[in-house]
Amino acid sequence: MEFELTAEQREIQALTREFAEAEIEPHAAAWDREHRFPRELFTRLGGLGLMGVCVPEEYGGAGADFLSYVLALEELSRADAGVGVTVAVHTSACTLPILAWGTDEQRARFVPPLARGEQLGAFALTEPEAGSDAGSLRTAAAAEGGGWRIDGRKQWITNGSHAGTFLLFARTDPTRDDSRGVSAFVLDAEHVRVTREEEKLGLNSSSTVDLVVEDAFVERDRLLGEENRGFRIAMSTLDGGRIGIAAQALGIAQAAYDAARAYALERRAFGSRIADFQAIQWKLADMATEIDAARLLTYRAAWLKQAGRPHTEEGAKAKLYASEMARRQTAEAIQILGGYGYTKEFPVERYYRDAKITEIYEGTSEIQRLVIARSVLGLRQQERMLAQG
Ligand SMILES: Cc1cc2nc3c(=O)[nH]c(=O)nc-3n(C[C@H](O)[C@H](O)[C@H](O)COP(=O)(O)OP(=O)(O)OC[C@H]3O[C@@H](n4cnc5c(N)ncnc54)[C@H](O)[C@@H]3O)c2cc1C
């Protein structure tokens with residue numbers, strides 16, 4: 001086994017860390033407080049190649065591998081988890097599926113502006129009455145004159161207010177009410193109307209919106225992959241996307257650990273540093289161990305995806321473990337900081353609020369356990385297709 005990162009992976013990790021420490025982390029508390037989406041930041045990240053890390057150079061990306069992208073997400077999320085999810089959804093849930101499933105014409109047309117960060121991407125699957133059970137979605141794409149007329153509502157769409165390109169899922173077979181009548185479409189901002197900006201527990205520097213598609217006509221060139229086979233695209237997108245969310249959770253937990261460790265070495269009580277108390281030492285030891293375990297699961301899943309090998313089970317394990325670990329360990333970081341941890345004077349309360357979402361989106365922890373159980377029990381692929389995240 002090879003545990004060393006390559007020179008290129010280390011370079012991308014260092015570049016992202018340096019930029020994030022200088023240009024993101026110092027603003028993260030204010031963006032959180034003001035609920036500010038730092039739009040201009042993503043243009044700068046695009047200039048550094050970080051909006052298309054693992055997109056081939058011919059399509060405007062940095063041409064690095066998937067693990068490099070995961071390393072970049074981890075570093076961005078360590079500075080600001082809202083920035084992390086913006087880049088994660090943009091890349092894994094919009095740009096990469098167009099690259100994987102698009103025709104040559106679709107790739108050449110839609111991918112370069114996304115990979116260069118000139119446009120943001122969004123992934124619109126969830127609806128008010130279709131979350132985990134996304135196969136029951138109702139947004140309708142009715143066949144008309146060689147194209148489709150799309151009508152429906154989507155809910156909690158990350159980047160929705162700022163995206164130029166939407167990967168949107170709609171029902172093309174009205175005779176079915178399950179995942180088999182769903183198709184994937186590439187829409188522009190003009191095709192959608194944002195109806196509401198969501199208020200959230202955390203991730204306040206990211207944008208999450210409800211939107212409607214009203215009577216939007218699209219030609220055949222907007223269909224991604226085959227008609228009525230779009231749910232496969234959604235599932236394979238989430239298989240990869242979950243590795244990105246695991247990296248996000250990992251970055252948040254690492255930030256919480258760094259803050260807790262530094263504080264424990266400074267804060268004094270009963271004549272000693274609190275780091276000298278075994279109770280605090282054990283908390284830090286558990287944090288360091290669990291972060292390591294999550295990192296290994298996440299990097300392994302990224303490596304499998306990069307190698308073109310099956311990674312559904314491994315990606316679900318990485319997301320399940322990393323997200324639950326981040327929720328647990330950000331709470332422990334608050335405990336180590338005591339009363340200060342509960343205040344906005346330190347960032348750990350933000351890490352705690354931000355960590356929670358990683359157990360919910362791109363498939364809840366319950367859905368991850370379902371995916372893992374079906375894989376280890378050898379239940380049929382088709383059944384897996386019916387459960388979603
Ligand atoms: C901040 C944020 C950003 C998001 N971004 C996007 C985005 O960009 N694009 C997008 O399409 N969606 C997005 N989502 C939606 C997200 O993916 C869904 O919230 C998630 O899939 C869960 O769906 P739900 O909230 O409807 O919960 P539900 O499906 O209603 O689930 C409720 C509860 O029931 C449990 N449950 C459901 N089914 C089962 C089962 N079979 N077995 C056991 N337990 C089950 C769930 O685990 C959960 O605990 C976002 C959500 C949030 C909050």
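**Close-up legends for a predicted model**

**View 1. Helix H9 and its packing partners.** The buried residues of H9 pack against H1, H4, helix H6 (230-266) and helix H8 (312-337). Contact is used here for two residues whose C-beta atoms, placed from the backbone, lie within 7 Å. Helices (H or I, at least four residues) and strands (E, at least two) are DSSP runs, numbered from the N terminus. Before you zoom in, please keep in mind that this is a predicted model: local features need pLDDT of at least 70, side-chain atom pairs count only at pLDDT 80 or more, and totals for chains, interfaces and linings use all residues. Residue numbers start from 1 along each chain, as its sequence is written. H9 itself spans residues 348-356 and is mostly covered, with seven of its nine residues buried. They are Val348, Glu349, Arg350, Tyr351, Tyr352, Asp354 and Ala355. A residue is called buried if 20 or more other C-beta atoms lie within 10 Å of its own, exposed if 12 or fewer, and partly exposed in between, with C-beta atoms placed from the backbone.

View 2. An automatic or database domain assignment supplies the bounds, and the protein is divided into domain 1 (7-120), domain 2 (122-228) and domain 3 (232-386). The C-alpha centres of domain 1 and domain 3 are 20 Å apart. Across this boundary, 22 residues of domain 1 are in contact with 23 residues of domain 3. On the side of domain 1 that touches domain 3, helix H1 (7-34), helix H3 (66-79) and helix H4 (81-101) each supply at least two residues. That side has 14 nonpolar, three polar and five charged residues. For these classes, Ala, Val, Leu, Ile, Met, Phe, Trp, Tyr, Cys and Pro count as nonpolar, Asp, Glu, Lys and Arg as charged, and the others, Gly among them, as polar.

**View 3. The pairing of H3 with H4.** Two packed helices are described by the angle between their axes and the distance between the axes. For H3 and H4, the angle is about 150 degrees and the axes are 6 Å apart. H3 is therefore roughly antiparallel to H4. Axes are lines fitted to C-alpha atoms, for helices over the stretch in contact, and angles run from 0 to 180 degrees between N-to-C directions. Angles under 35 degrees count as roughly parallel, over 145 as roughly antiparallel, 65 to 115 as roughly perpendicular and the rest as oblique. From H3, the contact uses Tyr69, Leu73, Leu76, Ser77 and Ala79, while H4 brings Ala81, Val83, Gly84, Val87, Ala88 and Thr91. By class, this contact has eight nonpolar, three polar and no charged residues.

**View 4. The shell around the ligand.** Domain 2 and domain 3 both give residues to the shell, so the ligand lies between them. There are 24 residues around the ligand, and Gly131, Ser132, Thr158, Thr364 and Glu366 come nearest. A residue is near a molecule or strand if its C-beta atom, placed from the backbone, lies within 6 Å of it. Strand E1 (120-124), strand E3 (147-158) and helix H10 (365-376) each supply at least two residues of the shell. By class, the shell has 13 nonpolar, eight polar and three charged residues.

View 5. Phi of histidine 35 is near 50 degrees, a positive value in a residue other than glycine. This histidine 35 sits in the loop between H1 and helix H2 (39-47), and it is partly exposed, with 15 other C-beta atoms within 10 Å. For asparagine 159, also a residue other than glycine, phi is positive and near 70 degrees. Asparagine 159 is in the loop between E3 and strand E4 (163-171), and it counts as buried, with 27 C-beta neighbours inside 10 Å.

View 6. Glutamine 9 belongs to helix H1 and is partly exposed, with 19 other C-beta atoms within 10 Å. Glutamine 9 and phenylalanine 66 are 57 residues apart in sequence, with 9.7 Å between their C-alpha atoms. Leaving aside neighbours within four places in sequence, glutamine 9 is in contact with Leu67, Ser68 and Leu71.

View 7. Glycine 145 is in the loop between strand E2 (140-144) and E3, and it is exposed, with 8 other C-beta atoms within 10 Å. Glycine 338, in the loop between H8 and H9, is partly exposed, with 13 other C-beta atoms within 10 Å.
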